[in-house]
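Here is a short briefing on one protein chain. Look over the sequence and the fold before reading the points below.

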Amino acid sequence: MVIELKPIIMENKPISNIDYKAFEGKWYSLYSIPTLMDKHWKQTTETYTLADDDHFDVYTTYHKEGKPEEKSITSKLFFEEEKADGDMKAQFLWPFKIGYWIIELADDYSYVVVGHPDEKYLFIMAREPKMEADLLVHIIERCRQKGYDVSELVSQEHF
């Protein structure tokens with residue numbers, strides 16, 4: 001008898017419940033399928049500050065590949081009451097907003113996985129500049145099952 005095993009496919013969707021106050025603070029981007037804007041960024045950090053009732057102010061620091069000086073940008077991350085908590089929109093340039101989905105979040109807010117509705121980009125971020133290898137492997141596998149091309153993941157090279 002031959003048994004064919006099919007891969008378990010998980011749905012790519014934003015999570016429902018986020019404690020925005022617990023989400024605040026500094027995150028280290030560890031691995032990403034980058035966007036055009038951040039394609040050559042390394043050692044990226046993002047600091048989220050809750051502002052008003054509908055968004056975070058985001059302060060991002062990074063190093064351009066091969067350059068020693070730190071650069072920074074500011075942006076906003078919007079959420080809406082009528083949508084799942086993890087279904088957000090990032091705004092780097094007014095009035096344009098892009099999909100920013102929180103697809104996985106540790107119960108203790110020690111790591112977060114940010115994706116996109118069309119699996120275009122992916123960010124694995126943590127509160128520390130490193131993560132246990134076993135945990136990272138499991139996160140990457142779940143992302144693969146959600147449709148992300150994890151072969152495109154690049155390290156942010158935090159030291």
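A residue counts as buried when its relative accessible area is under 20%, as exposed when it is over 50%, and as partly exposed in between. Lys42 has a relative accessible area of 10%, so Lys42 is buried. The model is predicted.

**Salt bridges**

- The structure holds 6 salt bridges.
- Side chains of opposite charge can pair when their charged atoms come close.
- Lys42 forms a salt bridge with Glu65, with 4.0 Å between the closest N and O atoms.
- This pair links distant parts of the chain. Lys42 sits in strand β2 (residues 41-51), and Glu65 sits in the loop between β3 and β4, 23 residues apart.
- Glu65 is partly exposed, at 44% relative accessible area.
- Lys42 also meets the side chain of Glu157 in a salt bridge, again 4.0 Å from N to O.
- Here the two partners are 115 residues apart, with Glu157 in the segment after β9 (154-155).
- Glu157 is partly exposed, with a relative accessible area of 38%.
- Together, Lys42, Glu65 and Glu157 are linked in a network of salt bridges.
- Which residue forms a salt bridge with Glu141? The partner is Arg144, and the closest N and O atoms are 2.4 Å apart.
- Both Glu141 and Arg144 lie in helix α2 (residues 133-145). They are 3 residues apart, about one turn of the helix.
- Glu141 is partly exposed at 31% relative accessible area. Arg144 is partly exposed at 36%.

**Nonpolar cores**

- The largest nonpolar core has 21 residues. Phe23 and Ile102 touch the most other members.
- Several elements each supply at least two residues of this core, including α1 (20-23), β3 (55-64), β4 (70-79) and β5 (87-93). Also among them are β6 (96-105), β7 (111-115) and β8 (122-126).
- Strand β6 gives the most to this core, with 3 residues.
- Beyond its neighbours within four places in sequence, Ile102 is in contact with Phe23, Met88, Val112, Val113 and Val114, among others. Its other contacts include Lys13, Pro14, Ile15, Ile18 and Gly86.
- A second, separate core has 17 residues, among them Tyr28, Leu30, Val113 and Cys143.

**Surface patch**

- Met37, Phe92, Leu93, Phe96 and Ile98 form a nonpolar patch on the surface. Together they have about 500 Å² of accessible area.
- β5 and β6 are the elements that give two or more residues to the nonpolar patch.
- Is Phe96 buried or exposed? Phe96, found in strand β6, has a relative accessible area of 57%, so Phe96 is exposed.

**Two single residues**

- Ser29 lies in strand β1 (residues 25-33). Ser29 counts as buried because its relative accessibility is 3%.
- Leaving aside its neighbours within four places in sequence, Ser29 is in contact with Thr44, Phe123, Ile124, Met125, Gln156 and His158.
- Glu82 lies in the loop between β4 and β5. Glu82 is exposed, with a relative accessible area of 65%.
- From C-alpha to C-alpha, Glu82 and Asp53 are 13 Å apart in space. In sequence, Glu82 and Asp53 are 29 residues apart.

Notes. Residues numbered from 1 in each chain as written. Predicted model: local features only at pLDDT ≥ 70, side-chain atom pairs only at ≥ 80, totals over all residues. Heavy atoms only, no water. Helix = DSSP H or I, 4+ residues; strand = E, 2+ residues; numbered from the N terminus. Buried < 20%, exposed > 50% of the residue type's maximum accessible area, 1.4 Å probe, protein only. Contact = heavy atoms within 4.5 Å. Core = buried A, V, L, I, M, F, W, Y, C linked by side-chain atoms within 4.5 Å. Patch = residues over 30% accessible without salt bridge, like charges linked within 9 Å, V, L, I, M, F, W, Y side chains within 5 Å. Areas by Shrake-Rupley, 256 points an atom, 1.4 Å probe, with all protein chains shown as cover.
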